[in-house]
Number of protein chains: 10
Amino acid sequence: MSSSAVLGKQEAGLIIDEARRERGLTWDRLAEIIEQPPVWTVAALLGMHPVPEPVAGLVRAELGLDDDVVKALTRQPVRAATTDISTDPTIYRFHELIGVYGPALKALIHEEFGDGIMSAINCSISVDRGTHPDGDRVKVTIDGKFLPYAWNASED
Amino acid sequence: MSSSAVLGKQEAGLIIDEARRERGLTWDRLAEIIEQPPVWTVAALLGMHPVPEPVAGLVRAELGLDDDVVKALTRQPVRAATTDISTDPTIYRFHELIGVYGPALKALIHEEFGDGIMSAINCSISVDRGTHPDGDRVKVTIDGKFLPYAWNASED
Amino acid sequence: MSSSAVLGKQEAGLIIDEARRERGLTWDRLAEIIEQPPVWTVAALLGMHPVPEPVAGLVRAELGLDDDVVKALTRQPVRAATTDISTDPTIYRFHELIGVYGPALKALIHEEFGDGIMSAINCSISVDRGTHPDGDRVKVTIDGKFLPYAWNASED
Amino acid sequence: MSSSAVLGKQEAGLIIDEARRERGLTWDRLAEIIEQPPVWTVAALLGMHPVPEPVAGLVRAELGLDDDVVKALTRQPVRAATTDISTDPTIYRFHELIGVYGPALKALIHEEFGDGIMSAINCSISVDRGTHPDGDRVKVTIDGKFLPYAWNASED
Amino acid sequence: MSSSAVLGKQEAGLIIDEARRERGLTWDRLAEIIEQPPVWTVAALLGMHPVPEPVAGLVRAELGLDDDVVKALTRQPVRAATTDISTDPTIYRFHELIGVYGPALKALIHEEFGDGIMSAINCSISVDRGTHPDGDRVKVTIDGKFLPYAWNASED
Amino acid sequence: MSSSAVLGKQEAGLIIDEARRERGLTWDRLAEIIEQPPVWTVAALLGMHPVPEPVAGLVRAELGLDDDVVKALTRQPVRAATTDISTDPTIYRFHELIGVYGPALKALIHEEFGDGIMSAINCSISVDRGTHPDGDRVKVTIDGKFLPYAWNASED
Amino acid sequence: MSSSAVLGKQEAGLIIDEARRERGLTWDRLAEIIEQPPVWTVAALLGMHPVPEPVAGLVRAELGLDDDVVKALTRQPVRAATTDISTDPTIYRFHELIGVYGPALKALIHEEFGDGIMSAINCSISVDRGTHPDGDRVKVTIDGKFLPYAWNASED
Amino acid sequence: MSSSAVLGKQEAGLIIDEARRERGLTWDRLAEIIEQPPVWTVAALLGMHPVPEPVAGLVRAELGLDDDVVKALTRQPVRAATTDISTDPTIYRFHELIGVYGPALKALIHEEFGDGIMSAINCSISVDRGTHPDGDRVKVTIDGKFLPYAWNASED
Amino acid sequence: MSSSAVLGKQEAGLIIDEARRERGLTWDRLAEIIEQPPVWTVAALLGMHPVPEPVAGLVRAELGLDDDVVKALTRQPVRAATTDISTDPTIYRFHELIGVYGPALKALIHEEFGDGIMSAINCSISVDRGTHPDGDRVKVTIDGKFLPYAWNASED
Amino acid sequence: MSSSAVLGKQEAGLIIDEARRERGLTWDRLAEIIEQPPVWTVAALLGMHPVPEPVAGLVRAELGLDDDVVKALTRQPVRAATTDISTDPTIYRFHELIGVYGPALKALIHEEFGDGIMSAINCSISVDRGTHPDGDRVKVTIDGKFLPYAWNASED
């Protein structure tokens, strides 16, 4: 193994995004090609999920990627949130919503389900277009398993 | 006007929540009584929205609140996100989701709608129970107007 | 002088705002009464400027304030920006604009005026309503003296 | 697609600024050439907006840019505010103004328009020279659509 | 409902701890009395869990608590981690261990279980005394359900 | 000595992890080969411990590493926790547990052992699979020497 | 000793400042009365220095202070810089100057005096009015002993 | 147990310090009276250690403290470092020394003792006066047990 | 214009400082050569001011600089304070002085000049050697125009 | 002067440490060779002090360093504390000690010496091995000149 630098997953994500743009491929179309949900697809190709080898193979075939990009794709990520990105207006609005409505979501989840959380791991997200006389709308649906606080332990 | 301390909206929210608990009222039932959506109701009564006078009157009638609590309810809020609360596990999971999937949401919003944001102001949120063989699920739907970047100016 | 606590300017601001609400006075009307510009008036009464004694007298006459509130009004402020308030959506949008357009404003100020700044001290701000077919607009005009970097020193 | 590093939008902005300086082109003149407003032009060429292909073509023609610079120009930005830059005196004065006058702007916007915000997305900014016996002045006009808090949802 | 201040859960925790000390009750004994696991008991009585009414009744009977303390006990907590406490040497050592061994734990969890996390919600913790010739040891066992990343959605 | 850059321990860790993946070696198997405990092995090879020369020799033999990677392995580390990594969901859950249960762990350690800490230096950690009808569990055992606060000084 | 709260030095400073304002005493005049330099006087009376008993006696005689205020005056301070205050525009300008010219001051101090610092302990500061055709000027003179880096140790 | 506020250890420390000053007792003399080392004594009475009951009895006898102050003294502390205090010049110099010489101390400890740390728990500190022709010196001796990194586990 | 990286002003400053050292030129002598004040000279050549072309020509002539260094010199800077540098002891002492004496400077400026600030833009700084029986002293004189708060606006 | 990057002092420190390791030289031995105290030697060679030319010559002779490493050694440092390093357990223990005992050290220094500080500039540090039946100890002696607060000014 040579000591040359290892290509990071985020850097690989930039390369993939650029290759996609050059080929005129939308993310939606790329998701169809690799037969994965759109939000998962973008997150995974930008470096937030380990991409299974067969899926990575489909991506490589479509975009003509180098070996080190594919290796980066299949590597287990550190899903570290970069705080800088959180000030991008499109992303910040979601954080602002949690700031304003977080305590209300918490109260209603506890009231409906009891003490616990909505899982961020067993969870899917979708983005849809909604319509309204005042202009089209972004509908983001977050759908996560409820996990009750449970003081369980391994049996043996 | 006396110089006695002015009751804050968050402190008023704690008093309202306690009064609600004592009367055995759920937030959902309280939302029905004041004829407002549940997430809006909890957010507003905890101090994140100015409550219109007639609605505040309904709340007072139901919970028997003092004058200063009602005054706090109708006051325009500073919607300042307290960073401490963001580490509560039930709330943190939402921030984590934005950390992991934020760039993907951003990419798909831009692809579907063009450059712009989902409004956090013209926006509604609902919490529902979903079902699944592996356990019930929390479905949070965020539904905000798409706002395209537009370099407009006042006409005159 | 007794050692009782000294009323702070921000706490005094809350009392003034509440007294104003109770009397049904708008900020705009209050500014007219004390014959000061609206943005200056609100900023000063909320604690961000020392209010000259005669002006403070007019405010007291109109709102019926206690002595310690008036003393707080005329005191020189520490104009400390509270970082929490900067996440309020109405205020945050201005910070976001500086984040996005700050380097552009800087480049154009340097190009037009040379190396220097727009003064935040010799500066006035106004808020107006603008019209547009797509909906009314908020026009904020910031008008500050240009200060060129100058390596001057006292003469003597 | 080779795995060579992808040129970032901010780095591209530095290259563009340097090319502009070498040709003796002002930002104002460049804005005229590409027929865009000055503040938008500088912001976009420094990396804060995606530049439409035809506009990017005009920039390339004028400044003789490499392919990767043009690709960076047309890419969708992450509009992340770099906190370091906010201490530059020319930019900091704007943040200071929001710190001092933010609560007043908020109060007057709510009084005039109701609960809501001035949009930072449907918004334009201009910089002008004002005159005054005590010295010329920088006039910055921020003109954003008022967005009322509205609990709307998609129809279907 | 009077507008007197609502007693917070952490403040209630201090009162409970003091009452416990005065009666010479260990936490371990108190856990036995209320028939709950020790770590859960201490965490809950210090304010990190909502205490079920019957359990709160046992605590009150044992410690002779006022009504507002009991109300605080049964209230749903905001489980906000206070960053100050994290510098206490006894607590800091755990954070340091995660800093040093966190990436290793992550790698081994992924290797053994696949992509996912150890739940902090369906999780129990115990503290035991271990022995060793060089001195007694603290054994902390964290036992949480493995949650695989799963892109599930509600069925309907 | 040439002034070429010195390879860091974390960068060396990335190279080792990639070499391990290419050879299809699990961390567990690698730990067996070098006859060290698994958690220690991963931590050390990712850069958090100085690796004794003979052990580094075994790693090199197995993975075919360059000289500078081996030199990095045996170098004394700065064990600096990177705060970014702490937001990775798999690692964050541990920090969250300390946030929620830290005060309880502290109280029980003091009750059982007296005033002091669990050592993070004389300490071992293991990860095991536990079983439970609701799904397999991650068991993390932290086993550190108790260190009582002691006001000792050198004798001489 | 009763367990009533101990009056802090900063709170005492607010009381002193208010008493001074009520009597129409300038800081400069107060400094003359207690025969101390003006900057030292204001800093000390606002809580940043321990005030010697005789000096505190003069202050009490002049302002008619309660016992707990005098006790606070003579107490040794914790000279903790409150970060909030550093955003006050009048104070911030000094921090900005250090940000812009700090490296230059450092280079020139090293060039003139060698490796070391200007003491902030053996140091005096004065504020004077300077004149200039373009307007009066604030002259702040900081005069601190140069301390060379010296690797000395106690003799014995 | 009444729900009145529990007196904190730091607040108790302020009361003790004030009582000590009123009686004209030095910390050194107080340490002699309670037969404890000076640094330990001050730290403990200011709230950083639990004070054993007999020692607390001696302190009460000497200073005439109320019950709640004594209770606070004997309570187990949260030893949370307040970051504000760290900017006090007398304390900051120690942090600066660690900033400048920390890596050197680390290198020499590793060279002399191997991989590990100097314990901050089994550790004593003393302050002495040293002499030197250029002026008296503060000698702070930190004397902590060396703890080698050891991968031990409980036996059973 | 090639897309090669643009040399930053701070990096250029390092190159200039090194060239100056190699030629054995003091900053003071360099300031004489380019006929500028010493503090301005060092600040400008280290990257904090745009250097006018003729002055940059003198610097190049003296130090034999490459084109890209000269281009960097004449470029308009982002005067961003790097927080890391502020912990350098020589620079930190100035920040500490502002922390300790800032409120006093503010009070005296307001008393002497009224509400306003000392300009950090129309401002010069000098460093001189002072003498004293106890050792030589660093005298730093900051001389900035007083700017009164003034609510002016452009005339038209 | 070419515009190639200037080698930083910290990077030079890494190269020196590596060269030292390759030659099997301890820091202690290297300190003897260059006839400097050990802590000063390590700090200086890692980049925290300017190394006098003759001393740098001895280091070069011993370790065979390139020109740019030697130039970096003799350059005046920015002694900026990197906050990341402060979480290294060996270094962190010192910060923790200041957090726990800082207020006590401050109180005893004031009691013994009056108001002032222990200098971090006129200061030496040594590391020694102490013995104790429970295990060897690290003795760190910090020996700094006491500097009393003194309001002196230059004479002239």
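At what angle do helix H4 (residues 53-63) of chain E and helix H5 (residues 67-74) of chain E pack? Before the answer, a word on conventions: this is a predicted model, in which local features need pLDDT of at least 70 and side-chain atom pairs count only at pLDDT 80 or more, while totals for chains, interfaces and linings use all residues. Residues are numbered from 1 along each chain as its sequence is written, and chains are lettered from A and ligands numbered from 1 in the order in which they are written.

The two helices of chain E pack at an angle of about 145°, and their axes are 10 Å apart. Here the axes are lines fitted to C-alpha atoms, for helices over the stretch in contact, and angles run from 0 to 180 degrees between N-to-C directions; helices (H or I, at least four residues) and strands (E, at least two) are DSSP runs, numbered from the N terminus. On the H4(E) side the contact is made by E:Glu53, E:Ala56, E:Val59 and E:Arg60, and on the H5(E) side by E:Val70, E:Leu73 and E:Thr74, where two residues are in contact if their C-beta atoms, placed from the backbone, lie within 7 Å. Sorted by class, this contact has four nonpolar, one polar and two charged residues, given that Ala, Val, Leu, Ile, Met, Phe, Trp, Tyr, Cys and Pro count as nonpolar, Asp, Glu, Lys and Arg as charged, and the others, Gly among them, as polar.

We turn next to chain I. Its helix H1 (residues 9-22) has 14 residues and reaches 20 Å from its first C-alpha to its last, close to the 20 Å expected at 1.5 Å a residue, the expected span being 1.5 Å times one less than the number of residues. The buried residues of H1(I) include I:Ala12, I:Ile15 and I:Ile16, and a residue is called buried if 20 or more other C-beta atoms lie within 10 Å of its own, with C-beta atoms placed from the backbone. These buried residues pack against helices H2 (27-34), H3 (38-48), H4 (53-63) and H5 (67-74) of chain I, and just after H1(I) the residue I:Gly24 takes a positive phi of about 65°.

Chain I also meets chain G, with 58 residues of chain I in contact with 58 residues of chain G. On the side of chain I that touches chain G, H6(I) gives the most, with 23 residues, and the residues of that side divide into 33 nonpolar, 10 polar and 15 charged.

Strand E2 (residues 137-148) of chain G and E2(I) run antiparallel and are joined by nine bridges, and two strands are said to pair if DSSP finds at least two bridges between them. Along this pairing G:Arg137 stands opposite I:Lys145, and G:Lys139 has I:Asp143 as its bridge partner. E2(I) also pairs with E1(I), in the antiparallel sense over 11 bridges, and there I:Val127 has I:Val140 as its bridge partner. Nine of the 12 residues of E2(I) are buried, so this strand is largely enclosed by the rest of the structure.
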